Structure formats: structure tokens, C-alpha cells
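Please consider the structure shown here. The paragraphs that follow lead through its parts in turn.

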Amino acid sequence: GLVAISAAGRDALIGAGAAPARVHVLPSGVDLAAFAAVPALTEADLRAPRALYVGRISRDRGLPLFESLAAAGVALTLVGPRDHEPAAPHPKLELLAAVAHAEVPAVLARGALALMPYQADLRHAASISPIKLFEALAAGRLVIASDLAPIREIVRDGVNGLLVPPDDPAAWLAAIGRVRADPPAALAMA
């Protein structure tokens, strides 16, 4: 048998000739107990939310989008190893080094929104199942993610997060505006 981490990955394996009956999906997951100490969000947290990204910092994982959001006044913290640096420093864009996996819950506790701007040209965008997505959900953070097929397997727009076009800064700003405008609805999604 073959195991994929997303239905999109399964479909790719079948498209490459694997026998459908031999391909199974086993999504990523997290140890929920590790996130139990993360404080719950409040409506106040969502009125002026700090946005977070935890993972590899690179152009194909949304660095240009982060720069656009910071320039528009969104407070952002990026945590992780850097493949690329921002074009220029910005007071709304905080960059932190990678942390040990055991520290991720504490990092997620620092913000209200978990941004997942994976770009469509990311090498594995068609089958991605980012552990950071599952960690953000386990931490009770509101996820705003790229509207990509494998992400839609986990995030249902308006139900447990928001989905937006990967490379449209205006759509990301509108999603953040939606959170600010209706904290009770955002809290229910988180």
C-alpha cells in the first residue's frame, strides 16, 4: 500500500498510476495535550489581532504577502528559519528565529491569527498538509489560509477558518478586516 497525507496527494499518486485500492490517506496531526495550556482567544484578542506565521520564511511561503500586510498596518510575527529576508525592515513585521518544536504552543499563544499563505507555485502545493496548520487549530487560533485544494480538506471557509487566494494581498486584508468587524463570528470559527 501507499500512504498520502492528503486526498490531493492520494489523487496525484493515483494519477501517476498507483492502484486506487492500495492508496490510503493518513493526514498530519498533533498531540492535543501539548496545546492544552494555550490560553483561549477572546473577542478582545480578535478586535486588534496580532497575526502569526510559524514555519520556513520564504517567498513561496508568503514573504511578499507578509510584507504587504505589514505595510498596510497589520502586526505580524514570523517565526522560523529564513530562506529569504524581507526587502526592508518594517516596524509591524517582527522576525524571530526558529524555536524547538516543544515551544510552538507558547509561540502560538502570542497571537490571535495564524496565517498560512502557501503559494500555488510551492513545489508541493498540490499535496501539502502542513503540521503548522494542525498546530494552529489545536491552539485555538483562527486560521487564515491559502485556498488550495489540500488546505480545503482541513479548513472549511467560514466554519473553522478563512480561505483566501494565495497571492492577493487585498483578499488577505479583507479577511483580517472581517475578523476585526465580527469578533464573535471569528471566535466561533477559532
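The quantity pLDDT is the predictor's confidence in each residue, on a scale from 0 to 100. The model is a predicted one, and the mean pLDDT of the protein chain is 93, with 100% of its residues reaching 70 or more. Within the protein chain, confidence is lowest in helix α1 (residues 7-15), where the mean is 89, and highest in β8, where it is 98.

The description may begin with a sheet. Strands of a sheet pair through backbone hydrogen bonds, either parallel or antiparallel. Here six strands form an open sheet with parallel pairing, in the order β5-β4-β3-β6-β7-β8. Because β5 (93-96) and β8 (162-164) stand at the edges and each has a single partner strand, one side of each is left without a neighbour in the sheet. On average, neighbouring strands of this sheet are turned by 25 degrees against each other, direction ignored.

Helix α3 (residues 63-71) lies across β3 (51-54), β4, β5 and β6 (113-116), and runs at about 155 degrees to β4. Helix α7 (residues 169-181) lies across β6, β7 (142-146) and β8, and its angle to β7 is about 165 degrees.

A search of the whole structure for aromatic pairs finds one. Its members are Tyr53 and Phe66, in a tilted arrangement with 5.1 Å from centre to centre and 50 degrees between the planes. The pair links distant parts of the chain, since Tyr53 belongs to strand β3 and Phe66 to helix α3, 13 residues apart. Tyr53 has 1% relative accessibility and therefore counts as buried; Phe66, at 1% relative accessibility, likewise counts as buried.

Charged side chains give a further set of contacts: seven salt bridges are found in a search of the whole structure. One of them joins Arg10 to Asp11, with the closest N and O atoms 3.3 Å apart. Arg10 is partly exposed, with a relative accessible area of 29%, and Asp11 is partly exposed at 44%.

Another salt bridge joins Arg47 and Glu43, whose closest N and O atoms are 3.6 Å apart. Because Arg47 and Glu43 are four residues apart in helix α2 (residues 43-47), they are separated by about one helical turn. Finally, the side chains of Arg152 and Asp147 meet in a salt bridge of 2.7 Å, N to O. Arg152 is partly exposed, with a relative accessible area of 42%, and Asp147 is partly exposed at 33%.

Definitions and conventions
Residues are numbered from 1 along each chain as its sequence is written. This is a predicted model: local features need pLDDT of at least 70, side-chain atom pairs count only at pLDDT 80 or more; totals for chains, interfaces and linings use all residues. Side-chain values use heavy atoms; hydrogens and water are left out. Two strands pair if DSSP finds at least two bridges between them. Helices (H or I, at least four residues) and strands (E, at least two) are DSSP runs, numbered from the N terminus. Axes are lines fitted to C-alpha atoms, for helices over the stretch in contact, and angles run from 0 to 180 degrees between N-to-C directions. Contact means heavy atoms within 4.5 Å. Rings of Phe, Tyr and Trp (its six-membered ring) pair if their centres lie within 6.5 Å; planes under 30 degrees apart count as stacked, over 60 as edge-to-face and the rest as tilted. Buried means under 20% relative accessible area, exposed over 50%, partly exposed in between (1.4 Å probe, protein chains only). A salt bridge is a side-chain nitrogen of Lys or Arg within 4 Å of a carboxyl oxygen of Asp or Glu.
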